[in-house]
Amino acid sequence: MPRRFKTKPQLESQEIPVNRRLKDLKFLSCATLSRMIVLVAVAYLCFTGGAMAQSLTTTIKYGPQDLETFPTPLVDAAANKIYLPVNNALVIVDGQTNAVTTLTTPGSYGSGATINALTNKFYFTGPDLLVVDGKTNTMTNVPITNPSSLAVDPSLNVVYTADGTFVRSSATLHVVDGVTNLLKDFPLPAGAAELVVNPVTHKLYIPHCDGTDPGEDSHYSVYSAGSETPVTFTIQGHQCNFRAAVNVATNRIYFLNGDDTYTIQVINGDSDNVIAQVDLPSSARRIVANPVTNKIYVLCDGGNLVVLDGATNQSSIIHTDPDSIGQSLAINLSTNQIYMTASNGFNVVDGDTQGVTFLPITGGTREVAVDPITNKAYVTQGASNLFVIDGAFNKPTRIAAGVSPLAAATNPVTGKAYVANSGDGTVTEIDGTTGATLNIPVGTTPVAVAVDSATNQIYVANKDSNNVTVIDGATHGTSVVAAGTTPVAVGVNSATNQIYVVNKGSANVSVIDGATNSTATVTVANQPIAVAVNPANNKIYVVSEDLTDVTVIDGSNNSTQNVSVDVPSTAIAVNPGTNQVYVADNNDAVRVIDGATNQTTVVEVGRGPVAIAVNPVTNKIYVANSIENTVSVIDGATNAVASVPTGLGPTAIAVNPSSNKIYVVDGENNATVIDGDTNTTSKVAVGSAPEAMAADPTLNKIYVANSGSADVTVIAERQNKAIPLTTTIAPTSFTGRTSAVSNPAFSFTLNSAFLPSAPPPLDAFFQVDTWHGAWTQAASSAGAFTGQVPSLSIGDHILYAYAGDGQDSTMVARQQINVGAIASYPFTIVDVTSVQPQIILNVPNATVTVTRGGSATYTLEVSAQETLPTAVTFSCGNLPADTACTFNPASVNATSTPTSVTLTITTAARVFATNAPTRLPTPSLLFAVGLLFPTLVVCVSTRKRRWPADVRWKHGASIGVMTLLLLFLAACGSDTKTPTGGTPTGTFTVTVTSAAGSVQATTALTLNVQ
């Protein structure tokens, strides 16, 4: 059906009819064959089990109910925050707590939104350009009249925006300096639409919707950073280009083009010419590119998701509900899941299997953005509801084990899991990466297993042979250490390399020295059944099912004292970070023991508590109640309790701090998965009679020991893809896996292996023990990335890190956020000693190019590790000639929160000096003689008469003056002007030194002078 494009709001807000006249029948009609294919797809999914799990976990109310706007969410993956511009406000949602903060803005913004992850600044368009500092939430307005779309080149710290979008008049491209907010403006053809940047080639692509009738030509413009003007190209016979996407790995740009039929125009970024055209089956709304798989996705009406193979430009269609119209599209590159809004709900497409998961949502959905780290999608309906979609995979796999597996443990360093098989005296080792298994013979009736990740030794308590088998995780060799009678539990303190074996029959604990396997015996209360180790204070807690005392062992000398808990205990866990001990008892309560004072507090929970686990990152404690069929969630800060329903008779519980997911197995052979952020649940089928669980927080896998089916259920939380952007972590303040300081430093080596073009890694982020908190940006200097963790408690920790390459800086809410694969480095803190205070200097734009005579501006992010003795001051070294540097402010009081300092390096232009003439040019000489001739005639004529002496003197002076004038005029125009002085051209390394008393830090910057 012919249509004229008028304004962008018409394309965004009006629903377009589904049934259309299509010229290209090879794609088929959405009103006919699409419905038939949907039925076939539904039948297929019924037999195959459908796509991966996706669930709506919560709805966040954030705006007025009656406000008719459609805000686009903007995700800050590093801070785990979501930004929503609504009317005259900016709503910021904490992705971990779902708490909402509202900032008042000086107008209505949100037609364009983007982020520069390097500078942590957010940009929104509206009546002008709004710049929000992500660290402080301060706002700055850049005076641009009604800008619309946005794009950022992160490494250059340049912001692009255009006004006149979808207006039939000339437009203007505004180039904004990200440091100074100063503008450069360039004229554009009419109808400038969505902007997109290739951060590798530093080119900006601007599609134009400038044809007034179907079949007319349209255009697109290309602006190279630093150029004098954009270059405009023609697309013949297609009136409107309105969306754009870029694949930086292949340097291909994709424009959506609308006319009687919709097309994709494929641009070669090397030549900037159109190299292919792909017809679409129906009206198109959004386009995104996946540089990992080289697939391009187009959301079309009629439930059509077009998949374009970037290598061949061949297309295929994934069909969803043909009666639904979607508006927004996003990809999680980490899991290869495609998220599509719909007028009756929400669709998730598995990019590997092309299976579709549909989530019905009353009122439909409008815009979507994805956080690839937390694996959550954020979907708006209007200006009031933000839906949170959990993309957890939770796919179970069954792996054969020995007879009656009863216990499980993991080694996050090696990615191995160990399951004790009580029925046949073996331990099954499972490789978490490959799934390969190995059965290792141990003693009789192994019922408990623990791992010392620092030494890669595995300790197995053999109940009926009264000993412990020690397995070397590297060689699989074993040794046997004698224990007491009926050992039933094992605890490890990897900080001291001491292992604690609870002997139920002899009422004691065997203490094994991990270095020598020598033992000591400590008497405890009668019928001990469980142990918990607090490495932070080197205390070991043993509970008894017979007596009402908890035995506390001092790990430094094995002395003991008893803490009364009134009733027999069933389970125990410790939070090393808060030094609180949690003991579940037979009185439907949890006794909280203060590790410093041994004072107890009673917290009532559900009936029949049998298992307990702690998430030290969130300070939440989870208690499985076997009679009440619930999990009690205790807030460690307040001891407030929430109840979460589970299956029948929960028996074991495990926590994965990295994802904040909690797993509870029950008598119905299911695992209830609890989202730690919202307490919402889902279920995963496991094997028969599950008895124990263990989590691997590096691989995000859960291992369930199923005693009835003699196997292990491995639950994979995520469907992680091999992203060719990787990070390698290495400690710099210690070697191996054991740190003698509590705040060690690390280096991060980044690598990009995208093909055929690899976007250079630009930044790195890290945090400890979880993926769900705020990530810290690593300091960078000359391409080297480093970071130092805050002071940590003694014990086991995991450092996580990922790289970014700037691909999350285009239209984020309409395209993908590209973060690299998350790397991990498990390590053990063995001492509370912290390193000396340090100045941390991070320079996001470490290389600046300037024309001689201009100024180069750098942004320094200054922070401190520990407390500095004085304010930090700055100086420059190795400056080229005729160059000066200034810092604003000149000094800062550095803390753990980075403070911005602007460094300006001023260069000098060359000076042009006048040289003495070497010859007398003929024109100048003739002109001078011509001026002198009349005077000579007059002066010579004076000889014929006798003039007074004063008159004769005047005549002589005149002749002298005219002679000098002749020489001056002869010199004019004949000299040469040679430039001298000024800053030399070339590439220079400038050293910036920051100092606070005796504490100093240096970083190297690159200055290109041309």
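I started at a strand pair and found Asn-575 opposite Gln-580 in strand 51. Strands here are DSSP runs (E, at least two residues), helices are H or I runs of at least four, and both are numbered from the N terminus. Strand 50 (residues 569–575) and strand 51 (residues 580–585) run antiparallel and are joined by 6 bridges. I count two strands as paired if DSSP finds at least two bridges between them. The two make a hairpin with 4 residues between them, and in the turn Asn-579 has a positive phi of about 60°. Buried means under 20% relative accessible area, exposed means over 50%, and partly exposed is in between (1.4 Å probe, protein chains only).

Residues are numbered from 1 along each chain as its sequence is written, and side-chain values use heavy atoms, with hydrogens and water left out.

In one, 4 strands come in the order 2-3-4-5 with antiparallel pairing. Strand 2 (74–76) and strand 5 (100–104) are at the edges with a single partner strand each, so one side of each has no neighbour in the sheet. Strand 2 pairs with strand 3 (residues 81–86) over 3 bridges, in the antiparallel sense, and I found Asp-76 opposite Lys-81 in strand 3.

The other open sheet has 4 strands in the order 34-35-36-37, again paired antiparallel. Its edges are strand 34 (405–411) and strand 37 (437–441); each has a single partner strand, so one side of each is left without a neighbour in the sheet. Strand 36 (residues 426–431) is joined to strand 37 by 5 bridges, and Thr-428 is opposite Asn-439 in strand 37.

Then the core. Which residues touch the most other members of the largest nonpolar core? Among its 29 residues, they are Tyr-858, Leu-860, Val-862 and Val-872. Such a core is a set of buried Ala, Val, Leu, Ile, Met, Phe, Trp, Tyr and Cys residues joined through side-chain atoms within 4.5 Å. The elements giving two or more residues to this core include strand 76 (855–865), strand 77 (872–877) and strand 80 (899–907). Apart from this core lies another of 25 residues, among them Phe-766 and Leu-792. I also checked Val-862: leaving aside neighbours within four places in sequence, its contacts (heavy atoms within 4.5 Å) include Ile-839, Phe-874 and Pro-898.

Stepping back, I found 4 helices and 84 strands in the chain. Of its 1010 residues, 57% are buried. Among contacts between residues at least 6 apart in sequence, 51% join residues at least 24 apart.

Last, confidence. The pLDDT, the predictor's confidence in each residue from 0 to 100, averages 87 over the chain, and 86% of the residues score at least 70. Over residues 1–52 the pLDDT is below 50, though this stretch has 104 contacts in the model beyond near neighbours in sequence. Residues 918–929 also stay under 50, with 13 contacts beyond four places in sequence. Where pLDDT is low, the predicted coordinates should not be read in detail.

Notes:
This is a predicted model: local features need pLDDT of at least 70, side-chain atom pairs count only at pLDDT 80 or more; totals for chains, interfaces and linings use all residues.
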